[in-house]
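Dear colleague,

I am passing this structure on to you, with my notes below it. Please read them alongside the coordinates.

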Amino acid sequence: MSGDTREKLSSTTISLHWIVALLMIGLLATGIYMEQTSAYGLYPWHKSFGVIIAVFVVVRILWRIKQGWPQHVGNYTAIETFLASLVHWLLIIGTLVMPISGFLMSAMGGHGVAVFGWELFHHNPDPENPGKVLPINAGIAGTAHSLHWIAGYCIIGALVLHVVGAIKHHVVDKDGTLRRMLGKRV
Ligand code: HEM
Ligand code: HEM
């Protein structure tokens, strides 16, 4: 497995970035949609992809620990360097907080967690109300829900800055920052 250089990013960095990015954007969008419209049919999909992304996130974080952050391509000002680092940290920590909080909210809320029907954490039926569930730990479930909600919106804010930054580097500075993340040598 070859590593990242200033001129070219490894295929591991590039594939992990785009797999996690697509899944994150999809999960943020479906999460907000289903929460606002009570689209219960989407919940099992959201949970399944939410657990699957965690596997890629852990591999990616281990890869970043091994490789460090990629060196910048263009001439970054001090404020740009600070903002880019801050946003990368927020995004990478956010990718870990979301699956963990989602899992805890569902599991401790008594709803259970399954990946495409394969049960990872059983649901907790209420014996007195058929079809309803009982929380296992309502306190943890409630805190995890708040975290899932707050972190979700913080990530959306960071993501807007991240994408605006990527476009600015491509269109205004015309450096190779975006092209390098698309696999090109710069
Ligand atoms: C359309 C959406 C996206 C675009 C255009 C984009 C673009 C880029 C570019 C050009 C870089 C390289 C920056 C550099 O060399 O300094 C980068 C790095 C990075 N991006 Fe994105 N990105 C997108 C979505 C995301 C999402 C959804 C996440 C996570 C939630 C994310 C997390 C990161 C992180 C942590 C890095 C640092 C390098 C790495 O760990 O791979 N990006 N992105
Ligand atoms: C990177 C992974 C994930 C992202 C980006 C994500 C994103 C979101 C967002 C933005 C919302 C709407 C705001 C809210 O009500 O909290 C949401 C709702 C929800 N998420 Fe996630 N989620 C992820 C993983 C998970 C996982 C792993 C589970 C459970 C195993 C899960 C379960 C839920 C549930 C049950 C809701 C609806 C809450 C309600 O109706 O009030 N999520 N998600």
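His148 counts as buried, at 16% relative accessibility, where buried means under 20% relative accessible area, exposed over 50% and partly exposed in between (1.4 Å probe, protein chains only). This is a predicted model, in which local features need pLDDT of at least 70 and side-chain atom pairs count only at pLDDT 80 or more, while totals for chains, interfaces and linings use all residues. Residues are numbered from 1 along each chain as its sequence is written, chains are lettered from A and ligands numbered from 1 in the order in which they are written, and side-chain values use heavy atoms, leaving out hydrogens and water.

His148 (NE2) and His46 (NE2) coordinate the iron atom of ligand 2 at 2.0 to 2.1 Å (donors are N, O and S atoms within 2.8 Å of the metal, or 3.2 Å for Na, K and Ca; water is not among the atoms, so sites may look incomplete). His46 lies in helix 2 and His148 in helix 4, so the pair ties together parts 102 residues apart in sequence; helices are DSSP runs of H or I, at least four residues long, numbered from the N terminus. His46 is also buried, at 15%.

The iron atom of ligand 1 is coordinated by His17 (NE2) and His162 (NE2), at 2.0 Å, with His17 in helix 1 and His162 in helix 4, 145 residues apart. His17 is buried, with a relative accessible area of 13%, whereas His162 is partly exposed at 25%.

Finally, Met24 is in contact (heavy atoms within 4.5 Å) with Ile53, Thr95, Met98 and Ile155, leaving aside its neighbours within four places in sequence.

Best regards

Methods: Helices (H or I, at least four residues) and strands (E, at least two) are DSSP runs, numbered from the N terminus.
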